[in-house]
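Student: I would like a close look at one part of this model. Please pick a single element and walk me through its surroundings.

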Amino acid sequence: MSCCGHCRDANDFFSERTARGDLKKYMRRGPDKQTNLLVESIRKTGINGKTLLDIGGGIGAIQLELFKYGISKSVNVDASTAYQAVSKEEVSKRGLDAKTEYYFGDFTSMAPSLPEADIVTLDKVICCYPDMKKLLESSIIKAEKVYALVYPRVNLFTKIGFRLINLWFRISKSEFKTYLHSPSLVNEIISNQGFRKISNQKTLLWQVAVYKRGGGNRKTE
Ligand SMILES: C[S@@+](CC[C@H](N)C(=O)[O-])C[C@H]1O[C@@H](n2cnc3c(N)ncnc32)[C@H](O)[C@@H]1O
């Protein structure tokens with residue numbers, strides 16, 4: 001991985017302790033609310049036999065859920081060694097190794113060498129990366145059919161919450177930072193690549209948006 005201070009400190013932040021805690025929670029209660037909304041919306045597009053590219057997949061909740069509903073293969077790209085290790089362990093326990101591939105690093109640097117997939121997901125990832133446009137554009141072109149993401153809403157709770165989180169990172173001398181992005185800008189970037197929004201759900205803090213290829217305002221340049 002070509003590593004900037006942000007990515008290096010992100011790797012420290014998404015530690016083994018966090019990863020094990022997330023897996024434990026997932027095993028007890030299943031995916032969190034916003035991930036569940038994402039999975040259910042993707043499922044409705046018809047996913048049997050389809051392939052998945054999950055960027056910043058963490059412990060791999062999306063791939064584990066979509067395997068239950070018949071996807072044929074999952075490629076998982078993450079910049080956290082701890083999350084990937086924990087995810088791989090769980091995949092092995094479930095006998096899914098042959099259907100799963102892992103790549104470690106910053107997706108935007110690795111994108112040209114990564115495969116395309118029917119479904120591309122980014123669950124709470126663009127809020128952890130400084131160059132949202134680059135991350136979106138380099139991942140959208142990998143999506144053959146469905147592009148789905150969870151990202152923070154911009155409201156009083158997230159504005160205050162993200163400020164406090166970033167203050168804590170600054171005090172801890174970490175270069176890692178979280179980002180709130182304008183939903184209309186996110187939507188514009190995705191639509192400009194020829195995708196149309198088929199569902200948009202909200203929780204108090206998160207926006208869950210699913211797009212299908214075809215019908216957006218694809219830029220011809
Ligand atoms: C907040 S966690 C979310 C994990 C999981 N998707 C979930 O919802 O539980 C963000 C994840 O995105 C990964 N990540 C952030 N930017 C990335 C990038 N540019 N390339 C690959 N992974 C990235 C981090 O390493 C981390 O695992």
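Tutor: Take β2, residues 73-78. This is a predicted model.

Now the strand itself. Of the 6 residues of β2, 5 are buried, so the strand is largely enclosed by the rest of the structure. Here a residue counts as buried when 20 or more other C-beta atoms lie within 10 Å of its own.

Next, its partners. Strand β1 (residues 51-55) runs parallel to β2, and 5 bridges join the two. Within this pairing, Leu53 is opposite Val75 of β2. To get from β1 to β2, the chain passes through helix α4 (residues 61-68), and this β-α-β crossover is right-handed.

β2 also pairs with strand β3 (residues 100-104). This pairing is parallel too, with 5 bridges. Here Val77 faces Tyr103 in β3. Helix α5 (residues 81-93) belongs with β2 and β3 to a β-α-β unit, which is right-handed.

To put it together: β2 has parallel pairings with β1 and with β3. Most of its residues are buried, 5 of 6.

How values were computed
Residues are numbered from 1 along each chain as its sequence is written. This is a predicted model: local features need pLDDT of at least 70, side-chain atom pairs count only at pLDDT 80 or more; totals for chains, interfaces and linings use all residues. A residue is buried if 20 or more other C-beta atoms lie within 10 Å of its own, exposed if 12 or fewer, and partly exposed in between; C-beta atoms are placed from the backbone. Helices (H or I, at least four residues) and strands (E, at least two) are DSSP runs, numbered from the N terminus. Two strands pair if DSSP finds at least two bridges between them. A crossover is right-handed if, with the strands pointing away from the viewer, the path from the first strand over the helix to the second runs clockwise.
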